[in-house]
Amino acid sequence: MEIFIKDKVSAVIPVFNGALHLSSMLDSILGQTYSSLEVILVDDGSADKTLEVAESYREKFVSKGYDYRIVQSEHKNASAALNRGFPYVTGEYLIWPDSDDRLEKESVETRVRFLQENPGYHCVRSLSYYFQQETGTLLPADEKTGDISKEDLFWDILEGRTYVCCGCYMLRTESFFKIYPRRRIPEYDVGQNFQMLLPFMFHHQCPTIPEKLYGVCVRPGSHSRRILTKEEEEKKYQDYERLVDEIAFICRIQDKESKERIQYWKIRRRYSLAVKFKDRKRMIGSLWKMRWKIKKYR
C-alpha cells in the first residue's frame, strides 16, 4: 500500500515551449496561501528557454518551503509528460494545472479545506475565468459550465455539458492511483483531461465550489487553439474515439445503454466534423445513424 504525505498537494505541470508564459503559473503557485505543496514541472522536450526559466525559480520555491522538481523528457504530448511526472508524486492531493494559466492565491487552500472537511468526497472542483494573455482582459468562457449542483459528472464531461478545465479539479491521490496503479494514463495527442477525469468521475462524485479560483489564459498560438487542417482534425477525432474506447475499458463499461450512448457520442461528433468541412455525404450518413437516439441523448 502506497503512503502519501497527509495534507500535502502535488502539482504536476507539463510544459512545452513555455518560456514566454511559464512565469505566470509559477508566480501564482508561489503566491498560494497554502503551505504544504510540491511542484513537479515536466518539460516536454522544449526547444526554447523553458528550462532556463524553470531553473530560475528554484531558489524562490526553496525560500517558500515548497518542494520543486524539474523533469525532462523527449517531446511527445501533455499526457506523456504527466506520466513522466507521476512517479514523483508524494502528496495526499493532486492537481495538474496548465503551464500558461494561473491559480488564484487561495485556490489550493480552498479546495484542500473542502476535502478535509468532507472526507466522503474523493475530489472537488472550482469555477474558472478566462483572460487574454497580453492585456489580462476577461473573455467569455469557451466551455459550458453546466449545472454546478450536479455531482455525477461522467456523462456531462464526455458529452460536453460541463467543463474539463484541468486547473479547477483536485483529486485525492490515493483514489487516482487506484484507477491507474502503474501511474500511467493513456497517452494520446489530444490533451490529458479525459484520461484524468472520466475514469475518476465514473467512480466518484465531484462537487463544485462556486468560486472562480483558476484563470485560463487564452493564447492564439496555444496547442488547444491552433487551427487544424482537415486531415489533422480527422485524426484528432479518431484519436478521441480510440481514447474513449480505452476509457470505457478502464471503467469496465459493459451495459448496452452506456455502449449505445458512447456510440451516439461518436456519431454526433462525426456529424459536426462533416458539417464543418461541408461533407454532405458524411452528414447524411451520420444523421441517418443518429435518428433513433437524438431525443434520448440530446
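**A look inside**

A: Arg-269 lies over the face of Tyr-237, 4.3 Å from the ring centre. A charge counts as over a ring if NZ of Lys or CZ of Arg is within 6 Å of the ring centre and within 35 degrees of the ring normal. Arg-183 is placed over the face of Phe-177, also at 4.3 Å from the ring centre.

The model is predicted: local features need pLDDT of at least 70, side-chain atom pairs count only at pLDDT 80 or more, and totals for chains, interfaces and linings use all residues. Residues are numbered from 1 along each chain as its sequence is written, and side-chain values use heavy atoms, leaving out hydrogens and water.

Now the core. In soluble globular proteins, nonpolar side chains tend to be buried together. Here the largest nonpolar core has 81 residues. A nonpolar core is a set of buried Ala, Val, Leu, Ile, Met, Phe, Trp, Tyr and Cys residues joined through side-chain atoms within 4.5 Å. Buried means under 20% relative accessible area, exposed over 50%, and partly exposed in between, with a 1.4 Å probe and protein chains only. Phe-86, Phe-176, Phe-194 and Met-201 have the most contacts inside this core. Its largest share, 6 residues, comes from helix H8 (residues 193–203). Helices (H or I, at least four residues) and strands (E, at least two) are DSSP runs, numbered from the N terminus.

Stay with H8 for a moment. Phe-194 touches Ile-157, Leu-158, Val-164, Pro-199, Tyr-240, Leu-243, Val-244, Ile-247 and Trp-265, residues up to four places away in sequence not being counted. Contact means heavy atoms within 4.5 Å. Asn-193 belongs to helix H8 as well. Asn-193 has a relative accessible area of 14%, so it is buried. Its contacts, leaving aside neighbours within four places in sequence, are Trp-96, Val-164, Cys-166 and Leu-198.

Helix H4 (residues 78–85) is mostly covered, with 6 of its 8 residues buried. They are Ser-79, Ala-80, Ala-81, Leu-82, Asn-83 and Gly-85. The cover over them includes strand S1 (5–15), strand S2 (37–44) and H8.

Next, the rings. A pair of aromatic rings is described by the distance of the centres and the angle of the planes. Rings of Phe, Tyr and Trp (its six-membered ring) pair if their centres lie within 6.5 Å; planes under 30 degrees apart count as stacked, over 60 as edge-to-face and the rest as tilted. The count comes to 13 aromatic pairs. Phe-61 and Tyr-68 are stacked, 4.3 Å centre to centre with 5° between the planes. Phe-61 is buried because its relative accessibility is 0%. Tyr-68 is buried too, with a relative accessible area of 11%.

Phe-86 and Phe-176 pair in another way. Their centres are 5.7 Å apart and their planes lie at 65°, so the pair is edge-to-face. This pair links distant parts of the chain, 90 residues apart. Phe-86 sits in the loop between H4 and strand S4 (91–95), while Phe-176 sits in helix H7 (residues 173–179). Phe-86 and Phe-176 form one aromatic cluster with Phe-4, Phe-177 and Tyr-180.

A cavity is a set of points on a 1 Å grid over the protein atoms alone where a 1.4 Å probe fits but cannot get out; a pocket is an open set with protein on both sides within 12 Å along at least five of seven lines, and lining residues have an atom within 4 Å of a point. The largest cavity has a volume of about 30 Å³. Grid points are joined across faces, edges and corners, and a volume is the space filled by probe spheres set on the points. Phe-154, Leu-158, Leu-198, Val-244, Ile-247, Ala-248 and Ile-262 line this cavity. Helix H6 (154–158) and H9 are the elements that give two or more residues to its lining. H9 gives the most, with 3 residues.

Of the 14 residues that line the pocket, Lys-178, Ile-179, Tyr-180, Pro-181 and Ile-250 are the closest to its centre. H7 and helix H9 (230–250) are the elements that give two or more residues to this lining.
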